[in-house]
Amino acid sequence: MKTNSSEAKQLDKNDTLGHYREEFYTSSEKIYLDGNSLGLLSTRAETALLHLLNSWKEHGIDGWTEGEYPWFYLSENLGAMTAPLIGAHDEEVMITGSTTTNLHQLTASFFQPYGKRTKILADTLNFPSDIYALKSQLQLKGLNPDDHLVQVKSTDGNTLQTSAIIEAMTEDIAFIILPSVLYRSGQILDMETITKEAHVRGIKVGFDLCHSIGAIPHKLSAWGVDFAFWCTYKHLNGGPGSVGGLYVNRKHFGTAPGLAGWFSSDKGKQFDMEHNLTPATHAGAFQIGTPHVLSAAPLIGSLEMITEAGIEAIRKKSLQLTAYFMDLIDKELAGYDFTIANPRSDSLRGGHIYLEHKEAARICKALKANGIIPDFRNPNGIRLAPVALYNTFSEIWQTVQILKNIMEEKTYTNYENKRGVIA
């Protein structure tokens with residue numbers, strides 16, 4: 001079925017968030033649909049980075065306590081800016097470390113095997129680094145990962161059933177780590193129900209928010225989630241290698257950090273230089289090392305913009321973008337053997353589209369050659385992430401037309417059906 005661009009143009013005209021696109025460094029020659037791997041640079045993020053760089057130039061070591069954004073308190077201040085995005089109290093959130101470092105910290109702090117409860121529950125669809133960390137934490141406690149890491153299986157290879165997760169919460173499970181949004185299919189897990197069922201069974205539960213923070217609203221504190229962790233370079237547009245984040249429910253304040261470090265300290269005591277740690281009385285206790293100031297700086301501008309736009313408005317537009325994308329795929333690409341493998345329901349769909357095709361790797365290469373930036377996931381997945389703050393409905397329409405042309409003319413056959421070094 002042939003479509004035209006008039007609907008896309010009208011949707012763009014009615015887009016209340018459309019003006020934010022002007023603040024991002026976009027290219028007239030490319031359509032960027034990989035924001036769920038790395039968000040684009042905005043002028044606000046750039047300005048914030050240059051501002052913090054200048055504070056080093058101007059203040060030297062006094063930048064720790066002077067200037068508009070004193071470095072000594074930067075992690076706490078960025079945490080407070082992030083808290084509304086995940087439905088948390090300010091003191092429950094810290095911008096610190098990295099995704100995997102924070103998972104190691106939270107596991108070391110809250111996974112305390114005892115009696116029959118010696119196992120960690122995860123899933124078979126999670127991003128590999130989380131599983132690497134959990135296996136190493138088990139080994140550090142003298143437990144064999146083959147016996148003590150339980151992974152909920154998927155029935156279709158793309159999604160998880162809440163009932164299966166609950167069924168796996170047996171009496172030997174002490175600790176649960178799951179993604180909020182599955183990185184491949186974009187399925188949103190029912191965090192509220194999972195948390196409730198885990199707590200009924202006396203199990204602590206935490207979530208990896210890498211693919212949800214900045215794209216969907218959360219209510220972590222209201223749901224009683226024990227802890228969470230995330231990166232900031234995807235939907236938060238913090239830049240490559242930008243500082244990660246963690247959340248610890250305030251009911252756990254006072255728990256000693258499993259991996260104590262210099263910035264785990266109460267700030268009033270930190271420079272007493274005592275060899276006995278006095279931990280911070282909030283989520284700051286779970287920091288480890290000195291804040292990476294220049295890697296955190298862009299978040300000042302990024303979080304300011306997201307707060308201004310509003311996470312509810314971002315989610316609304318994101319759903320409109322992905323729904324329009326799926327509608328065009330259904331109409332224009334029928335007969336080309338694509339499968340939409342992400343959930344279609346608004347309540348279950350995160351911020352990206354996930355297409356499956358046996359020629360996915362070479363199709364991604366053909367897209368890139370035509371100015372579309374997708375994301376290939378082994379063995380046969382194409383992730384396409386239209387981001388509410390900088391992508392347009394017209395770009396989606398153009399993408400589908402280009403993809404249709406690639407399939408009609410079979411130009412994808414010019415490429416090897418094999419992933420690159422980085423997919």
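Helix α4 is mostly covered, with nine of its twelve residues buried; buried here means under 20% relative accessible area, exposed means over 50%, and partly exposed lies in between, using a 1.4 Å probe and protein chains only. Before going further, a word on what you are looking at: this is a predicted model, in which local features need pLDDT of at least 70 and side-chain atom pairs count only at pLDDT 80 or more, while totals for chains, interfaces and linings use all residues. Residues are numbered from 1 along each chain as its sequence is written, and side-chain values use heavy atoms, with hydrogens and water left out. Helices (H or I, at least four residues) and strands (E, at least two) are DSSP runs, numbered from the N terminus.

Let us stay with α4 for a moment. Its twelve residues reach 16 Å from first C-alpha to last, close to the 16 Å expected at 1.5 Å a residue; the expected span is 1.5 Å times one less than the number of residues. The covered positions are T99, N102, L103, Q105, L106, T107, A108, S109 and F110. An α-helix has 3.6 residues a turn, so residues three or four places apart point the same way. What do the buried residues of α4 pack against? Their partners are β3, α5, β5, β6, β7 (227-230) and β8 (245-248), where contact means heavy atoms within 4.5 Å.

For "binding site", an unreviewed UniProt entry lists T99, T100, F127, P128, S129, D130, D208, H211, Y233, W262 and T290. These positions are spread over 192 residues of sequence and are also spread in space, up to 29.5 Å between C-alpha atoms. UniProt positions are given in the numbering used here, feature names are shortened, and annotations may be inferred rather than shown by experiment.

Is T99 buried or exposed? T99 has a relative accessible area of 11%, so it counts as buried. Leaving aside neighbours within four places in sequence, T99 is in contact with D130, D208, C210, F229, W230 and C231. T100, also in helix α4, has 25% relative accessibility and therefore counts as partly exposed. With neighbours within four places again left aside, T100 is in contact with S129 and A133.

The buried residues of α5 are S129, D130, I131, A133, L134, Q137 and L138. After α5 comes G142, whose phi is positive, near 75°.

Now for the sheet. Seven strands form an open sheet with mixed pairing, in the order β2-β8-β7-β6-β5-β3-β4; two strands pair if DSSP finds at least two bridges between them. At the edges are β2 (93-95) and β4 (149-152), each pairing on one side only. From one strand to the next, the twist averages 20°.

With β5 (residues 173-179), β3 pairs in the parallel sense over three bridges: the bridge partner of L121 is I176, and that of K119 is I173. With β4, β3 also pairs in the parallel sense, over four bridges, and A122 stands opposite Q151 there. Four of the five residues of β3 are buried.

Elsewhere, helix α1 (residues 6-13) meets helix α14 (residues 393-409): their axes come within 7 Å and cross at roughly 155°. Axes are lines fitted to C-alpha atoms, for helices over the stretch in contact, and angles run from 0 to 180 degrees between N-to-C directions. The two helices are therefore roughly antiparallel to each other, a label for angles over 145 degrees, with under 35 counted as roughly parallel, 65 to 115 as roughly perpendicular and the rest as oblique. The contact is made by A8, K9, L11 and D12 of α1 and F393, S394 and W397 of α14.

S394 has a relative accessible area of 18%, so it is buried. Not counting residues up to four places away in sequence, S394 touches A8, K9 and D12.
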